[in-house]
Amino acid sequence: MTKIMMVIGLAVLVSGCSGILEKQAPVCSGTALIAGQETTVQIYGVRKVASQTQYKAGDPFGWRWVSRSNFTSTTCEK
């Protein structure tokens, strides 16, 4: 019985996480200067916190919210 409950619990956990693993389409892109090289970064979200614009940036930022100041330019609307 315990093994059955563990399997059910694992199935629920995996199915709940499947939405996180789905690929999200980028809303715009940006150019960041990383290690002295210009790198194109996909941006998956835009938000304003206080008066600061933040972008949810993919690699190499690890899909985290980062400040607009990390980019030299973007294709996002202002």
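Strands E1 and E5 pair in the antiparallel sense over two bridges, where two strands count as paired if DSSP finds at least two bridges between them. Helices (H or I, at least four residues) and strands (E, at least two) are DSSP runs, numbered from the N terminus. The model is predicted, so local features need pLDDT of at least 70 and side-chain atom pairs count only at pLDDT 80 or more, while totals for chains, interfaces and linings use all residues. Residues are numbered from 1 along each chain as its sequence is written, and side-chain values use heavy atoms, with hydrogens and water left out.

**Sheet and strands**

- The secondary structure of the protein chain comes to one helix and five strands, and from the N terminus on the elements run α-β-β-β-β-β.
- The five strands form an open sheet in the order E4-E3-E2-E1-E5, with antiparallel pairing.
- Strand E4 (64–67) and E5 stand at the edges with a single partner strand each, so one side of each is left without a neighbour in the sheet.
- Strand E3 (residues 52–57) and E4 pair in the antiparallel sense over four bridges, and Ala 57 has Arg 64 in E4 as its bridge partner.
- Six residues lie between the strands in the hairpin of E3 and E4, where Gly 62 takes a positive phi near 75°.

**Thr 31**

- Thr 31 is found in strand E1 and stands opposite Ser 73 in E5.
- Thr 31 counts as buried because its relative accessibility is 19%; buried means under 20% relative accessible area, exposed over 50%, and partly exposed in between (1.4 Å probe, protein chains only).
- Apart from neighbours within four places in sequence, Thr 31 is in contact with Glu 38, Thr 39, Phe 71, Thr 72 and Ser 73, contact meaning heavy atoms within 4.5 Å.

**Disulfide**

- Cys 28 and Cys 76 form a disulfide, with their sulfur atoms 1.8 Å apart; the term denotes a pair of cysteine sulfur atoms within 2.5 Å.
- Cys 28 lies in strand E1 (residues 28–34) and Cys 76 in the segment after strand E5 (73–74), so the pair ties together parts that are 48 residues apart in sequence.
- The link of Cys 28 and Cys 76 is right-handed, with 60° about the S-S bond, and both Cys 28 and Cys 76 are buried.

**Nonpolar core**

- The largest nonpolar core has ten residues in all, among them Cys 28, Val 41, Ile 43, Tyr 55, Phe 71 and Cys 76; such a core is a set of buried Ala, Val, Leu, Ile, Met, Phe, Trp, Tyr and Cys residues joined through side-chain atoms within 4.5 Å.
- The elements that give two or more residues to this core are E1, strand E2 (37–49) and E3.

**Aromatic pairs**

- The structure holds two aromatic pairs; rings of Phe, Tyr and Trp (its six-membered ring) pair if their centres lie within 6.5 Å, and planes under 30 degrees apart count as stacked, over 60 as edge-to-face and the rest as tilted.
- The rings of Tyr 55 and Phe 71 have centres 5.5 Å apart and planes at 75°, so this pair is edge-to-face.
- Phe 61 and Phe 71 form a tilted pair, 5.6 Å centre to centre with 50° between the planes.
- Ring pairs link Tyr 55, Phe 61 and Phe 71 into a cluster.

**Whole chain**

- Buried residues make up 24% of the 78 residues in the protein chain.
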